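Please keep the sequence and the model in view while reading.

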Amino acid sequence: MLEIRILHVDQTFSTPQGRWVVFEDLNLEIPPGSFSVIVGPSGCGKSTLLRIVAGLLRPTAGQVRLGAFSPEEARAARWIGWMGQGPALLPWRTVEGNIRLALEVNRRSLRPTLSIGELIELTGLSGFERAYPHMLSGGMQQRVALARTLAPGPRVWLMDEPFAALDALTREQLLEEVERLWQRFRATVLWVTHDLHEAARLADEVIVLAGRPARIRARFSIPDPRPRQDERRIGEWAQRIRQALAGGAG
Amino acid sequence: MSSRVLLQASARLIIRTARPARGWLRIALPFALPAALLAWELTVRILRVPVYLVPPPSRIFAVLWSERALYLQAATVTLGEAIAGLALGMGIALGLAVAATFYPPLERAVMPLVLLLKAIPLVAIAPILTLWFGFGLIPKVLMTALLTFYPALVSWMTGLQAVDPAALELMRAWNASDWEILRHLRWPSARPYTFTALKTAIPLAFIGAVVAEWTGASGGLGRAMWLAQTNLDMPRLFAAAFLLAAMSLTGYGLAAWGERRVAWWRL
């Protein structure tokens, strides 16, 4: 398990309209093995932060540490599980082939904890091993993407609104399964969403990011036991997060 | 609900949507060429057009049949040159396109040169190549390579860049090497573009070989055409042209078939 530390991170982009400051001296610590959810208005830099943690984007200043390692070292060790908004499956590979791709690339440092067969079963893809992505629904495609993310046995899951494009029912089902999988693997999760109910349902801690440059406006520790099914309670938390987003105190 | 049933249903749906051309068109298409030939035959006969201007198709086919050994040999020569030149041109194009994905500034460095080469007219290059390399195989192969290289390069450069950005990001998150990204992502994405390139390059390959033969050769369809033209022997000229067109069309058909097979998921 790795803790994530974001230390004095600045991020600016040069655009034709001038310098755009996304982060200025951003500091954040995510405890090892916790499920942290970042919420914030669109365009505030949630995805940018995730890219910086993954080492896909080098911050203008400051640094990120994953345990004792840099994001680049963690990436080289295959400790980072990345899941974006789309499934990004390769259309010429079967379900099984797409999952296996995660194990065919950069194999030296690979220590997978589960076989592909087990993963397929865990993510509810049994019977679809030989199907091609275009034959699957959006929800099934995201299941494949999830299995692929977990295949190398990552210690950190970086998830960028993975189920945003799915219908409510499918999303609900997948959130349940993600929670179950996380409880089994106990990775450190950094999850980006704009859905406050999703945040209230999943998070050990919700981090509210807002403003320009983006600052941490509030943090909520949610101690409720899992799986959380009390809609009223989830709604209360979502309401509190909404207030913090709107500018009130956390 | 069994998954197998679902799979079969979706496969059936895919096959159905993949079917091209509407009903009547599918029936009419095979008759288009014979109809055109028939119209040609009748026009020439009714208007009594002299054979040394436009020969009737029946005459052309008669020549093709009576001198089939000769034409077969000439076609084999031209086909060999076209294939060798195509392989060379496309090979160089692939090498350059791959190199440019590893080292993007290369594209900006190479493209002006490539465009310059392409801007020189074919008829200007052909005699020079013959002058330099003689009447043998080399000038024909070079000529064909020069012509086919450009469409192949453009197709592959496009294909190797046209990858899903999300998949590329994922590969980076796995710390995949450039080579692994090429092998698992860029090349499979570019594969259909190979056939797009072939569809353009195959007809060009035959033109390249024939033009080179025209400026000096001991065999081939270009040579046959040149001989027929100097003798004002239109049936023989058209016979060679027909054969050339048939080979070109066959090649194009093969490339189109290959494209459908390789990029089946796009259907």
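How many residues of chain A are in contact with chain B, and how many of chain B with chain A? The contact joins 24 residues of chain A to 18 residues of chain B, where two residues are in contact if their C-beta atoms, placed from the backbone, lie within 7 Å. This is a predicted model, in which local features need pLDDT of at least 70 and side-chain atom pairs count only at pLDDT 80 or more, while totals for chains, interfaces and linings use all residues. Residues are numbered from 1 along each chain as its sequence is written, and chains are lettered from A and ligands numbered from 1 in the order in which they are written.

On the side of chain A that touches chain B, two or more residues come from each of helix H2 (71-76), strand E5 (80-83) and helix H3 (95-104) of chain A. Helices (H or I, at least four residues) and strands (E, at least two) are DSSP runs, numbered from the N terminus. H3(A) provides the largest share of this side, three residues. By class, the side of chain A that touches chain B holds 16 nonpolar, five polar and three charged residues. Here Ala, Val, Leu, Ile, Met, Phe, Trp, Tyr, Cys and Pro count as nonpolar, Asp, Glu, Lys and Arg as charged, and the others, Gly among them, as polar.

Chain A itself is divided into domain 1 (4-79 + 155-246) and domain 2 (90-154), with bounds from an automatic or database domain assignment. The centres of these two domains of chain A, taken over C-alpha atoms, are 24 Å apart. Their contact takes 17 residues from domain 1 of chain A and 13 residues from domain 2 of chain A. On the domain 1 side, strand E6 (156-160) and helix H6 (168-185) of chain A each supply at least two residues. H6(A) gives the most to that side, with five residues.

Chain B has eleven helices and zero strands. Its radius of gyration (taken over C-alpha atoms) is 23 Å, well over the 18 Å that the globule rule gives for 267 residues, so chain B is more spread out than a compact globule. That rule is 2.2 Å times the number of residues to the power 0.38. Along its principal axes, the C-alpha trace of chain B spans about 70 × 55 × 30 Å. Among contacts in chain B between residues at least 6 apart in sequence, 76% join residues at least 24 apart.
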